[in-house]
Amino acid sequence: MEKLTVADFKKMLDTAMKNISAREEEFSKLDAVTGDGDHGTAIVTALTAVCEGAQNGTEFKQMLNDMGFNVMMKTSGSTSTLLGGFFLGMSDNAAGEELDAAGVKAMFKGGVEGVKKNTKAMPGDKTMMDSLVPAVEAICSCGSNDIKEIMDAGAKAALAGAEATVNMKANFGRARNYGEKSIGYADSGATSWACMFESFAQAL
Ligand SMILES: [Mg+2]
């Protein structure tokens, strides 16, 4: 596909909502290894607000802005802040009713920049950055002009990134206190964000 429309993007969001909801319990169980075990609930609640924000969208910049603001206004916690930063950052770099390959790449690059404004976590810390950063790198460096292929590359990198967190020691936030105990389990946020990128590709 050469162009991504607003309708395509809403399909990506709906698929992410469906797949993430189906795995809510799994994400909470992973979070319980080093935290309070609420990540499944947190990501489903936050993504619901994101999707509500997109409902009346007809154009990328305003729609992404509404999505980011809605999640930040209606929900709280780190998952909300990170998703909010992601979609607000995407809004900074997107405009119009459809995007070509370069437009899609720029939009996701804006997303990762928006997240970086809201966390000091770096790849390797065993957080959602371990799936987000490689996903966006793969999207931006993909040689294809086919948006489905670009999003497939992003999904593949996100899943590999999440899988790599299994062998990492938590190095950020409260999870850091668990040290070695965190090894052997994937990070909950890296896993849910990888599910989001996998869903984005699957929807196209
Ligand atoms: Mg938690």
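Helices α3 and α5 pack at an angle of about 35°, and their axes lie 9 Å apart. Here helices are DSSP runs of H or I with at least four residues, numbered from the N terminus; axes are lines fitted to C-alpha atoms over the stretch in contact, and angles run from 0 to 180 degrees between N-to-C directions. The crossing of α3 past α5 is right-handed, a term used when the near helix is turned clockwise from the far one by less than a right angle. On the α3 side, the contact is made by H39, A42, I43, A46, L47 and V50, and on the α5 side by T79, S80, L83 and F87. Two residues are in contact if their C-beta atoms, placed from the backbone, lie within 7 Å. By class, this contact has 7 nonpolar, 3 polar and no charged residues. Ala, Val, Leu, Ile, Met, Phe, Trp, Tyr, Cys and Pro count as nonpolar, Asp, Glu, Lys and Arg as charged, and the others, Gly among them, as polar.

The structure is a predicted model, in which local features need pLDDT of at least 70 and side-chain atom pairs count only at pLDDT 80 or more, while totals for chains, interfaces and linings use all residues. Residues are numbered from 1 along each chain as its sequence is written.

Helix α5 covers residues 78-92. Its 15 residues reach 21 Å from the first C-alpha to the last, close to the expected 21 Å, which is 1.5 Å times one less than the number of residues. The helix is mostly covered, with 12 of its 15 residues buried. A residue is buried if 20 or more other C-beta atoms lie within 10 Å of its own, exposed if 12 or fewer, and partly exposed in between. Among the buried residues of α5 are L82, G85, L88 and M90. The buried residues pack against α3 (39-54), α4 (60-74) and α6 (101-116).

Two residues, one in α5 and one in α6, may be described individually. T81 lies in α5 and is partly exposed because 18 other C-beta atoms lie within 10 Å. V104 lies in α6 and counts as buried because it has 23 C-beta neighbours inside 10 Å. Leaving aside residues up to four places away in sequence, T81 touches M72 and N118, whereas V104 touches L4, L99, I147 and I150. The table gives a C-alpha separation for each.

| Residue pair | Distance along the chain | C-alpha separation |
|---|---|---|
| T81 and V115 | 34 residues | 8.3 Å |
| V104 and K3 | 101 residues | 8.9 Å |
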